[in-house]
Amino acid sequence: MTTTDHKDLSAAVALAAKWIGESERLVAFTGAGVSTESGIPDFRSPGGIWEKYDPRELTYLKFLADPKVRKLRWKMFMENEAMWKARPNAAHLALAELHRRGKLRAVITQNVDGLHQDAGLPADKVIELHGTNREVYCINCGQRWPAAVIRDRILAEGLEVPECVACAGILKTATVSFGQPMPERELGESERLARESDLMLVIGSTLVVHPAAMIPMIAKEAGARVVIIALSETAGDHYADLVFRGKAGEIMGLILKSMKGEG
Ligand code: ZN
């Protein structure tokens, strides 16, 4: 393991670029650190939404049972300026560029903001472990809408809590809420991609949330190299082959530049 500092940053960048060049089954795993660089606060950090709202009051079961909780949740949805305004940053764009060069098999993400797709990754290349806030669905009949369509309806009709237009069922954003299980298909697909990968780039995740945190470990145990890029210490640093301490966008930019340099 190499924890980089300014002295050996260029050597570490060159090594990561070399490994990406050699890789045939590169999988990226991204967390909140990638989104914060687009202005979306990590919901667990100061300034995040759980400083303002108590997550214990907003579990999936309470959402279903209590109209007051649904009202609060939709208020949060409408007030989530960061979500509505966020644009992909250099880290998202770097991953999309790796895809264009045929170097990226998939991105597994803990983020729900859809910014990987906005950066140009096809939807089928993005595995969203915690769902997406870009879509709203009816818990009763399963119909889905883009979140912006529901936002426009809320504004146009002056609603506090929107209901399904087809069946009057309860609507919910397609994110995985507290108390809701991880989506089985996405989790299974992530484990398969991890087992089959030869290089996993972990970007902006502290790897503390289970079971998502298991994914890079599965890759490592299956023989893949693991490269971690994060601002602070992560739970995977001890088994990683290379660790970068820094901003995801900057480090990814340096790595891509180094790859171009190799021709
Ligand atoms: Zn419905």
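This is a predicted model: local features need pLDDT of at least 70, side-chain atom pairs count only at pLDDT 80 or more; totals for chains, interfaces and linings use all residues.
**View A. Four cysteines hold the zinc ion.** The SG atoms of Cys138, Cys141, Cys164 and Cys167 are the protein donors, lying 2.3 Å from the zinc ion. (Donors are N, O and S atoms within 2.8 Å of the metal, or 3.2 Å for Na, K and Ca; water is not among the atoms, so sites may look incomplete.) Angles among the four donor atoms run from 100 to 120 degrees, making the site tetrahedral; for four donors, that label asks for all angles between 85 and 135 degrees. Cys138 counts as buried because its relative accessibility is 1%, while Cys141, at 40%, counts as partly exposed. (Buried is under 20% relative accessible area, exposed over 50%, partly exposed in between, with a 1.4 Å probe and protein chains only.)

**View B. Trp74, Phe77 and Trp84 are linked into a cluster by ring pairs.** Trp74 and Phe77 sit three residues apart in helix α5 (residues 67-79), about one turn of the helix. Their pair is edge-to-face, at 4.9 Å centre to centre and 75 degrees between the planes. Phe77 also pairs edge-to-face with Trp84, at 5.2 Å and 85 degrees. (Rings of Phe, Tyr and Trp, using its six-membered ring, pair if their centres lie within 6.5 Å; planes under 30 degrees apart are stacked, over 60 edge-to-face, the rest tilted.) Trp74 and Phe77 are buried, and Trp84 is buried too.

**View C. Arg151 puts its charged end over the ring of Trp84.** The distance to the ring centre is 4.1 Å. (To count, NZ of Lys or CZ of Arg must be within 6 Å of the ring centre and within 35 degrees of the ring normal.)

**View D. Ile255 and the residues it touches.** Ile255 is in contact with Val13, Ala16, Ala17, Ile20, Ile229 and Phe244, leaving aside neighbours within four places in sequence. (Contact means heavy atoms within 4.5 Å.)

Conventions
Residues are numbered from 1 along each chain as its sequence is written. Side-chain values use heavy atoms; hydrogens and water are left out. Four donors count as tetrahedral if all angles lie between 85 and 135 degrees; four count as square planar and six as octahedral if opposite donors are over 155 degrees apart and all others between 65 and 115; anything else is irregular. Helices (H or I, at least four residues) and strands (E, at least two) are DSSP runs, numbered from the N terminus.
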